[in-house]
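Subject: Structure for your review

Dear colleague,

Please find below the structure that I am handing over to you.

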Amino acid sequence: MNKSDPDIHGSYGRGLTSSTAWRRERLLNIGINPPPESRELNEATSLSSSTPNFSTYGTLPSPRRYRQSKHSRRNIPFLPSLATDPIPASAPGSPVSHRSTIFKRTKTISTYDPPPGSFKTDGDDYFQNSRFMNTKLNGVRVWYSSFTSVDWLHDAIKDSSRVWRLRSRKSLRGRLLSNVDRSIDWITVTIVGFLTAITAFLIVRSEQWLFDSKEGRCLSGWWNARRFCPNWQNWAEAFGTDAENGDPNQWLGTASWTVEYIVYTAIALFLAAASSLLTIYLTASPSFITNKDSGVLGPEFESTDKSQSVEPPVNKRKVLYFAGGSGIPEIKTILSGFVIHGYLGGRTLFTKSVGLALSVASGLSLGKEGPFVHIACCIGNIVSRYFPKYETNEGKRREILSASAAAGVAVAFGAPIGGVLFSLEEVSYYFPPKVMWQSFFCAMIAAITLRFLDPFGTGKLVLFQVTYDKDWHAYELIFFLLLGVFGGVYGAYFSKLNIRWSRYVRKTWLKTHPVAEVILVTLVTTLLCFLNPYTRMGGTELVYNLFSECRSDNDSHVGLCPRDPTALAGPLARSIGVALIVKGALTIVTFGIKVPAGIFIPTLGVGACFGRIMGIGVQYLQFKHPNLPMFSVCHGDMDCVIPGLYAMVGAAATLSGVTRTTVSLAVIMFELTDTLTYVVPVMLSVLTAKTVADALEPKGIYDLVIDLSQLPYLDAKREYSWKYVLVADMTDRNVGVIRLDETNSVKSLRDKLQESLSLGYADSGFPIIRRDPRGWKTVGYIGFNELEHALAIVADDADALCYFISASEAAISGPVSEASSFTESASKIDPFDFTVYMDQAPLTVQTNSPPELVQQLFAKLGAKYVIVTDPNGFYEGVIEKNAWIAYLNDLEGH
């Protein structure tokens, strides 16, 4: 190689990557020799910006591909196509071929892993021996593409190698770097917790002001919300309308409630529409450009070059709106080892934060607590980019994301311990003890910071944090049990109805008019909620009032504590019942619209309404029949029954029925009430709700949304019935392979790669095999992304031969061969030696192995693929993670 050429493998994971459009053109032009006079023009064209192509991702499977998979994968259906279709852009950094002088001025292709030439060979480097590097790095990898799975094993090996390199340096500088590396984890989670609390404070204050602006304005300062304003003026007063019955001589001759309703509706529609427009136009998935995506030869990257046309898939992935919804289903999928570029980026963070304040303030039946988890993970992802140990290791990055999720729950509910348990129980996939400590520390920093900021002006972290003075009684356990049954039934049928609404109703004209759907839902919400005080108030305020304990002679909390409970029990219960029905129905149609929307607060509100109604009924029964045996423990105390306690228990049960959380939810409720007095009622109702809900609908709302979005989430907690099947029945034997006994030129490998991508094998690779007298032996495995990267480097030599050195050949040839592939400087690396990209020790299972073994390899070890061999060790086929997930979904469906 010419020594003046830049390093073909790029810098340590942080170099500029080449444009997908540039790489596609370069690979498609392999074997095509342009005339000399057009060479300069082609260079300028390939390196210039191209017109954005706003085509969509594809989630829906191609019928052609699925029919073929039924035969080729031996009962393992394909997961729907997950390859991305990014927008072509300019190439700030482009590949450099060692024989090309045309592209000298461009940047280099960077890799996810450090290139072989970047390792030093001095005595202070662990990798001075090529054998150790060969063992520690199971192939150099390029960046993960969007909508592909993470290789947990590779990233674990990579981080282990990095840590050992630091620990093995015995010099003063080496020990200092090692200590700094240990402290980076705690510095990162501290920054994440601090920024999460500040973001939550700004969202809460903005939402309060916007929500109150629907009803009036503050004369002492327009920026103050109602709770911080000593001089508040309603819109009816501002427009000069009589506060009682109206005056024909005044503004438009309308009554005060009419003016208030018109302004209320207009502002609500504006806020909801603004939130929807931000979500749709700023976070649509095709608008996220990344040069880290690979698979550019696939049909999703169809070129404008007619001579190299590729049949596009029949169905493409629906457009995703990253700021829409709660984000928890997608966070679960990402933490399980799935890459979605842009979902945790800065633009999504900004849109989610601003859109959340707007959507909650509009009065829609949604909450902001769930999206706080998404927002916190965005902050964690952005902060982690500044530290190479996270930026170049997706497995390590997910440790920070788990801690960020705990901080999000901590600021949402003021429950740092509950946040850690929620991250462990519901969100995280990999949660070792170290991550638990970091999550607890991050949640603590977030809670302390938010406490100092005091968003509500009450000294509390959340608005509906309450305390109770009285204990519960044994006879109330039967009522708490009934609340658990209600929570389970509601949770199961809410999930069913919401998913059916999304699957069937939203597939109509609403699919192409998402803003119109938001406006219609907002209009219906204002029509149904304006006149009832319990539906008109905000979700957190409603939950707070329903949770509150009534004191003697205290008619507060919006009429929930009347002086004569016996006379007003019926009307009060009917008003709360109307709020329950309206809130429950609106939440079904609201959750899933294209605005940032959480499910926690609406669900807590429904459960609190039912619990308050039951508490009012029990209180009424005590007032009417104080001598009943079950009320003997009250000893004549007329305030023995606490309706607010029933509301709190009912809210916990209903939320458990919807989300299927148990331990974390119980702890959150303990932290909200500042006491462990009600541990038994909450635990009883939560466990009952989960049991009933699981019997009616096995999956919670988040898992159902994952299925609806067709995201490849492998649930490690679920148990499957395998019947009488073996690994041999699940093996894909028709996957393409690279045979070492064949001529593997640059062009032939390009054609083989393009053919596999056109068949839908996006997140896959090629087993590398060699002929043996009795069959085929596995040499290694190379991913499509790595092969594409290697081919892009040598694309100028279409007929040149590429080769792979097996471990046995390396052992026979000695250290010289190893050095040529692993330890020589970048200027001496043969770019046609693709061994550096090959996994020479892939996981293997035999055809007679039970399927439980494969499940454990994917779920517990985090494998991305498994090579299948016969009992004699000869190659049989491959089982890939995405295909395995599709098989499990098909098995579960039957």
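Leaving aside neighbours within four places in sequence, Thr351 is in contact with Leu278, Thr279, Leu282, Thr283, Ala323, Leu356 and Pro596. This residue, Thr351, belongs to helix H10, which covers residues 346–361. Thr351 has a relative accessibility of 1%, and because buried means under 20%, Thr351 counts as buried. Please bear in mind throughout that this is a predicted model.

Helices H11 and H13

The next topic is a pair of helices. Helix H11 spans residues 369–384 and helix H13 spans residues 394–413; their axes come within 7 Å and cross at roughly 140°. The angle therefore makes H11 oblique to H13. The crossing in which H11 passes H13 is right-handed. On the H11 side, the contact is made by Glu369, Phe372, Val373, Ala376, Cys377, Gly380, Asn381 and Ser384. H13 contributes Arg397, Ile400, Leu401, Ser404, Ala405, Gly408, Val409, Val411, Ala412 and Phe413. Sorted by class, the contact of H11 with H13 has 11 nonpolar, five polar and two charged residues.

Nonpolar cores

Which residues touch the most other members of the largest nonpolar core? They are Phe372, Phe413, Phe547 and Trp884, in a core of 156 residues. Helix H6 (residues 172–212) gives the most to this core, namely 10 residues. As a general point, nonpolar side chains tend to be buried together in soluble globular proteins.

With its neighbours within four places in sequence left aside, Phe547 is in contact with Phe464, Val466, Tyr468, Ala608, Arg612, Gly644, Ala647, Met648 and Ala651. There is also a second, separate core of 39 residues, which includes Val735, Leu791, Ala795 and Phe834.

Ile187 is also found in helix H6. Is Ile187 buried or partly exposed? Its relative accessibility is 42%, so Ile187 counts as partly exposed. The C-alpha atoms of Ile187 and Cys442 are separated by 9.8 Å, while the two residues are 255 residues apart along the chain.

Helix H23

Helix H23, residues 663–673, is mostly covered, with 10 of its 11 residues buried. The buried residues are Ser664, Leu665, Ala666, Val667, Ile668, Met669, Phe670, Glu671, Leu672 and Thr673. Against which helices do the buried residues of H23 pack? They pack against H13, helix H14 (416–427), helix H21 (600–624), helix H22 (643–659) and helix H24 (679–696). After H23 comes Asp674, which has a positive phi near 60°.

Positive phi angles in loops

Two loop residues also deserve a look. Asp454 is not a glycine, yet its phi is positive, at about 55°. Asp454 sits in the loop between helix H15 (433–453) and helix H16 (477–505). With a relative accessibility of 21%, Asp454 counts as partly exposed.

Gln710, which is not a glycine either, has a positive phi of about 55°. The loop that holds Gln710 runs between helix H25 (701–709) and strand E5 (738–739). Its relative accessible area is 23%, so Gln710 is partly exposed.

With kind regards

Key:
Residues numbered from 1 in each chain as written. Predicted model: local features only at pLDDT ≥ 70, side-chain atom pairs only at ≥ 80, totals over all residues. Heavy atoms only, no water. Axes fitted to C-alpha atoms, helices over the stretch in contact; angles between N-to-C directions. Helix = DSSP H or I, 4+ residues; strand = E, 2+ residues; numbered from the N terminus. Parallel < 35°, antiparallel > 145°, perpendicular 65-115°, else oblique. Left-handed = near helix turned anticlockwise from the far one by under 90°. Contact = heavy atoms within 4.5 Å. Nonpolar A, V, L, I, M, F, W, Y, C, P; charged D, E, K, R; others polar. Buried < 20%, exposed > 50% of the residue type's maximum accessible area, 1.4 Å probe, protein only. Core = buried A, V, L, I, M, F, W, Y, C linked by side-chain atoms within 4.5 Å.
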